Amino acid sequence: MSTFNVNVKSIRNKINVQINASDVASSSDTDNNVETTRPTKKMKKTTIMPDENDKVLVGFEKSVASMIKKHAHTIYEGKSYHKLNDSQKNSISNAFNSILDLTDNDTNDDSQRSLFTDSQWLDLKRLMSKQKTWTPLDNAIQKKLKIIETLAVKDIQAAYRKCLESQITYAMTENETYFEIYAFLLKILHEKSAILNSASKEKFLEGDYVITLWSRILSAIFEDKSHNLFCKWGDTVPEESSAAKKQDINATTVIGDKINLRVCTSSPSGKIIDLLSVEFAKDSSSGKFFADHRKVLREAKVNADRFYRSPFLNSKIKKNTRGHCIQIAGPVGQMLEVALVDNGLYAASHLGSLRLPSTQMDLRYLRTLLERLLTVKNILLTQKRYYELIEHSEQAAKKSIESKLNMDSSPHSPSSPTSSPSSLSSSSTTNKYMSWVRATWFPPSTKKDTKYSGVWHESLFSPPK
């Protein structure tokens, strides 16, 4: 059951001036992170960038990963990152992270989309974007919510009271969450509807949307002690992000991406495991929005790589594994996913839109939003179990009698964790995904930003060591 009561003062203190300042920050500020020196380690320099190892699709002269990486290399060479426009930064950041961004349909010459014909782009989306099936809400719950939606059109206060009645009925159960969120939104519509209306003359900052709207809704969904899920608000840095950046940058002080909201779990050993990254902006027209987009895709890749790199998950699990992220601009948002689809190639896809109702007339949009958020929550819970499986298997392998004696398992012994067909595998298909993984690239800080001389990290074309 989720915990809906949110300490708004605590969240406000964590978000503090950083969020409000980000409304006027440039994309270069968002891409900036602290480091003591920029030179990347284990780099390679050549006048010709090699081809990647993903397959060449029918109708293509080169592989997709080869195309986007060479395109980014050409755009970047001889230029400083923070002097580039957002389209150029998008192509460079995504390609140097081996990501084809299928959510960006910009056709200007600097974009990834410009490399492909219309038919090729559609084919790539069909091939690499997995169609999402949303888990419908319980029929009994949907029926009650529809009654509230109909009632709200004529009498918003009566609809609000109906929500409170249902909260009492479902008190301290998982179903209470639906009516808590409906009651909250009805109250916002009654008292502060301008914040939900994109056409409103009243100006709102990023922090207004976070504190007034999204913190209440997202905490209600993802703050769930019974399932060991929790939220970290206010520009905190995932440990895995810093570790990935340390592989990319030779620096004594390395700080990964600062994330507005992280949905996490704690493993049996006490590790904090990031499952979902969320970034907020006041609208979709600012440079921060595009910098946020690059950041959440990068962090979704980092989170997914934890599973792709593991020798203890079988190929079926890895094939269906995605890294997830949410990007929000004002009262609307989008859900994205990043998947490892071929050797040295990830694909970023649009999973679904998030839209809050602007009036009580379209309260039904809230039902769709809940359906989508709860579907993603269930995916995160599955990934939580996968990580528990990985951690258990790692420890079991270290403590096994065979490993102590440097022996192979007996063929007459029960299946070991590394050979269980239901969960784990050391087969070539599992190793395939491990060899497909590529390093994570982080943009230089503004202080250490120098012209790119055509030198790239060796793990741009091979698994990181």
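Of the 465 residues of the chain, 54% count as buried. The model is a predicted one. The chain holds 15 helices and nine strands. Its accessible surface comes to about 21,100 Å², and carbon and sulfur atoms account for 51% of that area. Among contacts with a separation of 6 or more, 70% are between residues 24 or more positions apart.

**Salt bridges**

- The chain has 23 salt bridges. Side chains of opposite charge can pair when their charged atoms come close.
- Arg 298 and Asp 257 meet through their side chains in a salt bridge, at 2.9 Å from N to O.
- Arg 298 counts as buried because its relative accessibility is 2%, under the 20% limit. Asp 257 also has 2% relative accessibility and counts as buried.
- A salt bridge also joins Lys 62 and Asp 51, with the closest N and O atoms 3.3 Å apart. Both residues are in the loop between strand E1 (43-45) and helix H3 (64-76), 11 residues apart.
- Lys 62 has 35% relative accessibility and so counts as partly exposed. Asp 51, at 41% relative accessibility, counts as partly exposed.

- Asp 292 and Lys 288 form a salt bridge whose closest N and O atoms are 2.6 Å apart.
- Both residues lie in helix H11, four residues apart, which is about one turn of the helix. An α-helix has 3.6 residues a turn, so residues three or four places apart point the same way.
- Asp 292 and Lys 288 are both buried.
- A network of salt bridges links Asp 292 and Lys 288 with Glu 206, Glu 279 and Lys 295.

**Helix H7**

- Helix H7 (residues 156-169) has 14 residues, which should span 20 Å at 1.5 Å a residue. The end C-alpha atoms of H7 are 20 Å apart, so the span agrees with that expectation.
- At the start of H7, a side-chain oxygen of Asp 155 comes to within 3.2 Å of the backbone nitrogen of Gln 157.
- Buried residues in H7 are Ile 156, Ala 158, Ala 159, Cys 163, Ser 166 and Gln 167.
- The cover over the buried residues of H7 includes helix H6 (139-154) and helix H8 (176-191).

- Strand E6 (residues 323-329) has seven of its seven residues buried, so the strand is largely enclosed by the rest of the structure.
- Both faces of E6 are covered. One side carries the buried residues Gly 323, Cys 325, Gln 327 and Ala 329, and the other carries His 324, Ile 326 and Ile 328, also buried.
- Strand E5 (residues 272-281) runs parallel to E6, and six bridges join the two. Ala 281 has Ala 329 in E6 as its bridge partner.
- Strand E7 (residues 332-342) runs antiparallel to E6, and seven bridges join these two strands. Leu 336 in E7 stands opposite Cys 325.
- E6 and E7 make a hairpin with two residues between them. In the turn, Gly 330 has a positive phi of about 65 degrees.

Definitions and conventions:
Residues numbered from 1 in each chain as written. Predicted model: local features only at pLDDT ≥ 70, side-chain atom pairs only at ≥ 80, totals over all residues. Heavy atoms only, no water. Buried < 20%, exposed > 50% of the residue type's maximum accessible area, 1.4 Å probe, protein only. Contact = heavy atoms within 4.5 Å. Areas by Shrake-Rupley, 256 points an atom, 1.4 Å probe, with all protein chains shown as cover. Salt bridge = Lys/Arg side-chain N within 4 Å of Asp/Glu carboxyl O. Expected span 1.5 Å × (residues − 1). Polar contact = N/O pair within 3.5 Å; in protein donor to acceptor, adjacent residues only side chain to side chain. Pairing = 2+ DSSP bridges.
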